[in-house]
Amino acid sequence: MRELSPSVLSADFSVLGKEIQTVAEAGAGMLHLDVMDGDFVPNISFGAPVIASVRKVTQAVFDVHLMVREPARYLEDFKKAGADLISVHYEACEDAGGTLKKIRELGCKAGLAINPDTPVSVVKPYMELVDMILVMSVYPGFGGQKFIETSLEKLAEAKALAEACGRGDLLIEVDGGIGVSNIRQACEAGANVLVAGSAVFRGDAAQNVKELLSLMKTA
Ligand code: DX5
Ligand code: ZN
């Protein structure tokens, strides 16, 4: 089972609720919400109040990607805003294990994200605490960047690690530069949650979702 998780970073924020309904109705089961703090990454996006506000317009699974230094400080806020799954960066946490535990205690699924320069092996000590590994396939901070090809090897490594730990159920998410030209390759490498921002929201979002979903099915 694979899921498409459109990243609203590339949506038209003046009609955000409508954009979200469009992609959900076209078949996207998840929604990727990129929170950036201007410190861990060189950009600021939006926070919990925006997420709480769009929670009212859809039943889609809210996949919240925190690109925030010391995210443990804000987990309750994102839970209250309606997050179902919260991912934090390995590089941004003083205590990644404690942070992941706290996410689960709040009743959310926990994801551990790794930057392009961080090896998959850092996730190993946390395998019992994670529901998802998020492999960044661009340097976090901006939408519309080019996919880093070596991420395919990291996806394969993440899948092998999951299987070696008896975690065939683990979600493996790829985020950054995904589109029609590489979504099948990413699936075949091991990703089962596919984030796409500009490939969804540039142009006809409903049509783009359908096309990406059909490519995911044939992989
Ligand atoms: C990058 C974000 C991504 C981004 C994806 O920092 O985490 O989720 O919005 O956008 P595209 O698909 O355009 O690379
Ligand atoms: Zn993201």
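Q: By class, how many nonpolar, polar and charged residues does the shell around ligand 1 have?
A: This is a predicted model, in which local features need pLDDT of at least 70 and side-chain atom pairs count only at pLDDT 80 or more, while totals for chains, interfaces and linings use all residues. Residues are numbered from 1 along each chain as its sequence is written, chains are lettered from A and ligands numbered from 1 in the order in which they are written, and side-chain values use heavy atoms, with hydrogens and water left out. Ala, Val, Leu, Ile, Met, Phe, Trp, Tyr, Cys and Pro count as nonpolar, Asp, Glu, Lys and Arg as charged, and the others, Gly among them, as polar. The shell around ligand 1 has eight nonpolar, 10 polar and two charged residues.

Q: Which residues that surround ligand 1 are the closest?
A: A residue is near a molecule if one of its heavy atoms lies within 4 Å of it. Here 20 residues surround ligand 1, and the closest are Asp 34, Gly 141, Asp 175, Gly 197 and Ser 198.

Q: Which element gives the most to the shell around ligand 1?
A: Strands are DSSP runs (E, at least two residues), numbered from the N terminus, and helices are such runs of H or I with at least four residues. With three residues, β2 gives the most to this shell, while β2 (30–36), β3 (61–67) and β8 (193–196) each supply at least two.

Q: How far is an oxygen atom of ligand 1 from an N or O atom in the side chain of Asp 34?
A: A polar contact is a pair of N or O atoms within 3.5 Å. For the side chain of Asp 34 the distance to a ligand oxygen is 2.7 Å, for a polar side-chain atom of Ser 7 it is 3.0 Å, and for an N or O atom in the side chain of His 32 it is 3.4 Å.

Q: What space does ligand 1 take?
A: On a 1 Å grid over the protein atoms alone, a pocket is an open set of points where a 1.4 Å probe fits, with protein on both sides within 12 Å along at least five of seven lines, and lining residues have an atom within 4 Å of a point. A molecule sits in a pocket if more than half of its atoms lie within 2 Å of its grid points. The space taken by ligand 1 is the largest pocket, which holds about 240 Å³ of space. Among the 25 residues that line this pocket, Phe 142, Gly 143, Gly 144, Asp 175 and Gly 176 are the closest to its centre.

Key: Polar contact = N/O pair within 3.5 Å; in protein donor to acceptor, adjacent residues only side chain to side chain. Points joined across faces, edges and corners; volume = space filled by probe spheres on them.
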